[in-house]
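I opened the notebook today to look up a few contacts between side chains and to write down how each term is defined.

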Amino acid sequence: MHTVIRNGRLIDPANRRDETADIYIAAGRIAAIGAAPAGFSVQKEIEARGRWVLPGLVDLRAHLREPGQKHKGSIASETRAAAAGGITTLCCAPDTSPVIDTVAVVELIRRRASDAGMAHVLPLAALTPGLAGEQISEMHALQQAGCVAVSNGKTPMANTLVLRRAMEYAAGLDIPVLLYAEDPWLGASGCVHEGVVSTRLGLPGIPACAEVIAVGRDLLLIEQTGVRAHFSQLSSARAVELVAAAQQRGVPVTADVSAHQLYLTEMDVGQFNSLCHVRPPLRSQRDRDGLRAALSEGVISAVCSDHQPHDTDAKLAPFPATEPGISALETLLPLALRLVEENVLPLHEAIGRVTWQPANILGLSAGTLSLGTRADICIVDPERYWTVSAKNLVSRGKNTPFTGWELKGKVTHTLLDGKLVYENAH
Amino acid sequence: MPANLQLDANGNLRHFLTVEGLKRQTLTDILDLAESFATVDAQSVKKVPLLRGKTIANLFFESSTRTRTTFELAAKRLSADVLNINIQTSATSKGESLLDMLHNLEAMHCDMFVVRHADSGAAHFIARHVAPHVSVVNAGDGRHAHPTQGMLDMFTIRRHKGPDFGALRVAIVGDIMHSRVARSQIHALNILGVGELRAIAPKTLVPPEASALGVHVFHDMARGLKDVDVVIMLRLQRERMQGALIPSGSEFYQLYGLDTDMLAHAKPDAIVMHPGPINRGIEIDSAVADGEQSVILEQVSNGIAVRMAVMSMCLGRGPEAAGEGS
């Protein structure tokens, strides 16, 4: 199949490319930019005048709910949502049921993903079997089966000795470790940030120090073990300060943030809005500003969705009894682009934070428009406004606190390995 | 979603979920109406026909004797029909969802749900999802609010100390962290313009941003009680003695228990309140609980008048209607 995308503005931050040009795709790969390569006979033509042609997005964490929770979403339904959001590569979290701690589960996920054919799904292997924090998982076998990193999901690692062993073992195999930082005791009973809102609403809080203490401990172990480590979904200003200081000392550590943490704060919980029930919790304005500053300074190098689709009932209960999480694949790109309008990041950096930079964290060949690479491409109408609503979301999960927000920037086409997997030209 | 879920388009009470965000006038209306009902209590015929034909369901997902009983009495004195639903034995324990159960009760033409639930936000959740003709009164949700208790405490204070809250110094003592009663009292006192509001407790039992609620925090009981007009004691739940919040009941009593010596730091005419049920020898000495300055039993009887007022107002039978009836 020979496909050409004509007249679009190609923005490829990894290659410092920003120009209006045609891009030629053959055999699922990017064959040429500018002039057609020899022997290219156009079979499909996509007109992209006035649109941006970007590398397909790379998302470091999404919950696809399969296996185990198909009433919330499936690999097919959620990768279709990813395609609608311009995401072509995503890491699926290990806390499926059963947990991603055996080769069989990895193979199941990869097979379902390849049957669906909507996105490259990269499983994250459990750091410990069953996420129980007691043993270390068969990281080598899981890596061979296709896992790109190890992670204990959102189950905190209470036992420091096991964590140290796991890091040492991963360091020996050069497998990156993704860490969710939460002190298991300080965070145990809470459902919102411990602060003004938890006090007012009488909701049990999770103090910021639950995250900061875990980051501090983990940084010391990262330094000692030399493992390639990455903090997922940081939520507090103080924690990113610790990460920044470690980076300055040369510790091999990176960090990401969920897009919603850059826009919402504890105040958005308002009168018990369960759509704002997330983990880590939405924190204070000061924390949000600290995250934004860390993002613009490059301390945080990726923005992820932390997509968690839910059935309606999961959010229909008194606040503490609801399940945390936001359906977020389809708002990732417009929220990243909005950072440009709000002067947090220049355009190329905003795009970099959701493309080549997350890919780079895991050493993946993705998130660029380099010649010869897989043609994973997202075409965006940068001027199109759309309102977030249940009706407009492809994901099975309609649970988003951004419902009613008017966002700018809509994906019009998504190509995976050169094949059109999503189109919404109007 | 409306700015204030508990008000209708004209600013009248539709639900009573929390004291927070209400106007001073609304609180004063509740207190005034309760005052008119308090005289009904003293009559030999204790009923008024204000809510005749209305059906009120008491939904208690958490056990309670005092609050449920006073709500039931209040409803009966307003001539409403009352349905007590014992949730422990009802359908939600058979897997029926909370919402399914509510919709079934709506279908039986209930006009009001009086709800107690262990989760903060439960009353808001229910109010958000009930049919438009149903009012919700919060009888206590988690640690969040217990607004009728807060209002009956204001009623009791006003009866003893007069309507000028600005002249009063009030201290709330004990487990403020886990107390829905304290949160409702704090909002009510601040809305009514209290002169000074103090919270006295060990740091482990004070929420982290208590000052944002408008209280001065004291960890020393004697200093905190100095020259106060009203002392409100809170119940210390037994389970707080686990979880490293306090070392023991006896140490808590030593530091924060109210006995006659400790009470001497307050003004000589200070009143002592407690939402009940009291733990004698844990937070309060019997000599104080049963002493001259105690108004604890009055609080219980005032609870009926205040709940009558709140129920009438939520069902559109506010001060004007009550006036016609008398």
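The entries below go through salt bridges and then a nonpolar core.

Before starting I noted that this is a predicted model, in which local features need pLDDT of at least 70 and side-chain atom pairs count only at pLDDT 80 or more, while totals for chains, interfaces and linings use all residues. Residues are numbered from 1 along each chain as its sequence is written, chains are lettered from A and ligands numbered from 1 in the order in which they are written, and side-chain values use heavy atoms, with hydrogens and water left out.

Entry on salt bridges. I searched the whole structure and found 38 salt bridges over all chains (a side-chain nitrogen of Lys or Arg within 4 Å of a carboxyl oxygen of Asp or Glu). One of them joins A:Glu182 and A:Arg279, at 2.7 Å from N to O. Both residues lie in loops of chain A, so this pair ties together parts that are 97 residues apart in sequence. I also looked up A:Glu182 by itself, and it is buried at 6% relative accessibility (buried means under 20% relative accessible area, with a 1.4 Å probe and protein chains only).

Entry on a link between chains. A:Arg200 and B:Glu20 form a salt bridge of 3.0 Å, N to O, and because A:Arg200 belongs to chain A and B:Glu20 to chain B, the pair joins two chains. A:Arg200 is buried at 18%, and B:Glu20 is buried at 17%.

Entry on the core. In the largest nonpolar core, of 104 residues, A:Ile222, A:Phe231 and A:Leu295 touch the most other members (such a core is a set of buried Ala, Val, Leu, Ile, Met, Phe, Trp, Tyr and Cys residues joined through side-chain atoms within 4.5 Å).

Definitions and conventions. Buried means under 20% relative accessible area, exposed over 50%, partly exposed in between (1.4 Å probe, protein chains only). Helices (H or I, at least four residues) and strands (E, at least two) are DSSP runs, numbered from the N terminus.
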